[in-house]
Amino acid sequence: MSDYEFNIRDARLEDLDSIYKIELESFPDPYPRGLLKAFFFLPGSILVAVSRMEIIGYAIGLLREDELGHIISIAVAEKERRRGVGKALLGGLIERLSGSGVKKIVLEVRKSNFEAKSLYQKFGFETKKEIKGYYKDGEAAEVMELTL
Ligand SMILES: CC(C)(COP(=O)(O)OP(=O)(O)OC[C@H]1O[C@@H](n2cnc3c(N)ncnc32)[C@H](O)[C@@H]1OP(=O)(O)O)[C@@H](O)C(=O)NCCC(=O)NCCS
């Protein structure tokens with residue numbers, strides 16, 4: 001995939017529709033557009049991946065409390081997956097959070113989401129506990145943590 005190029009940058013409000021489109025095709029229980037918009041009021045919390053001027057993925061991470069970061073969401077447009085975009089977004093977010101003094105990052109992931117768990121494990125995240133019935137359809141979440 002040598003001709004495949006993309007870059008990672010901070011999201012701008014005009015990216016919201018593209019982010020929402022990716023959200024809708026990526027999750028059975030997508031975040032509402034209004035909630036995604038609200039993250040724009042927390043500067044630096046959304047990164048996007050851009051290829052040929054098109055938004056192809058996004059990641060949201062917050063500084064939740066002192067030294068604790070929370071990865072809220074990460075998704076890549078279906079047709080752009082398996083090309084390293086997820087890795088670049090997650091790496092960018094970890095770097096961003098670690099630059100804000102975060103020492104530990106947590107996230108929740110569906111127990112059945114093998115692709116995402118595999119991505120997180122590549123960066124050293126480990127499953128610490130399970131929350132039964134976390135998602136609307138009753139599926140359990142695994143809580144994964146990365147200590148920086
Ligand atoms: C999870 C997701 C963001 C990965 O994005 P991506 O751009 O395809 O990921 P990458 O190409 O950077 O792959 C990174 C790693 O993820 C894992 N992975 C991604 N897709 C996979 C698949 N279909 N099967 C197995 N492992 C997979 C692999 O470990 C991969 O590393 P490798 O290429 O060295 O094998 C993407 O599948 C997605 O958007 N899924 C739907 C939304 C979602 O579930 N988000 C997570 C919410 S917690």
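Student: Hi! What order do the seven strands of the open sheet have?
Tutor: Hello! In this predicted model, the strands are arranged as β1-β2-β3-β4-β5-β7-β6, and their pairing is mixed.

Student: Which strands stand at the edges?
Tutor: Those are β1 (7-10) and β6 (126-131). Each has a single partner strand, so one side of each is left without a neighbour in the sheet.

Student: And what does the twist average from one strand to the next?
Tutor: The average is 25 degrees.

Student: Let's look at β4 and β5. How many bridges join them, and do they run parallel or antiparallel?
Tutor: Strand β4 (residues 68-76) and strand β5 (residues 104-110) are parallel, with four bridges joining them. To find one of these, look at L68, whose bridge partner in β5 is K104.

Student: Which strands does helix α4 touch?
Tutor: Helix α4 (residues 114-122) packs on the sheet and touches β4, β5 and β7 (141-147). Its direction makes about 165 degrees with that of β5.

Student: What about helix α1, where does that lie?
Tutor: Helix α1 (residues 16-26) lies across β2 (46-51), β3 (54-65) and β4. With β3, helix α1 makes an angle of about 90 degrees.

Student: New topic: what volume does the largest pocket have?
Tutor: About 1300 Å³. Of the 38 residues lining the largest pocket, F27, I74, N113, A116 and Y120 are the closest to its centre.

Student: Which elements each supply at least two residues of that lining?
Tutor: They are α1, β4, α3 (85-99), β5 and α4.

Student: And how does the lining split by class?
Tutor: The lining of the largest pocket has 18 nonpolar, 12 charged and eight polar residues.

Methods. Residues are numbered from 1 along each chain as its sequence is written. This is a predicted model: local features need pLDDT of at least 70, side-chain atom pairs count only at pLDDT 80 or more; totals for chains, interfaces and linings use all residues. Side-chain values use heavy atoms; hydrogens and water are left out. Two strands pair if DSSP finds at least two bridges between them. Axes are lines fitted to C-alpha atoms, for helices over the stretch in contact, and angles run from 0 to 180 degrees between N-to-C directions. Contact means heavy atoms within 4.5 Å. On a 1 Å grid over the protein atoms alone, a cavity is a set of points where a 1.4 Å probe fits but cannot get out, and a pocket is an open set with protein on both sides within 12 Å along at least five of seven lines; lining residues have an atom within 4 Å of a point. Grid points are joined across faces, edges and corners, and a volume is the space filled by probe spheres set on the points. Ala, Val, Leu, Ile, Met, Phe, Trp, Tyr, Cys and Pro count as nonpolar, Asp, Glu, Lys and Arg as charged, and the others, Gly among them, as polar.
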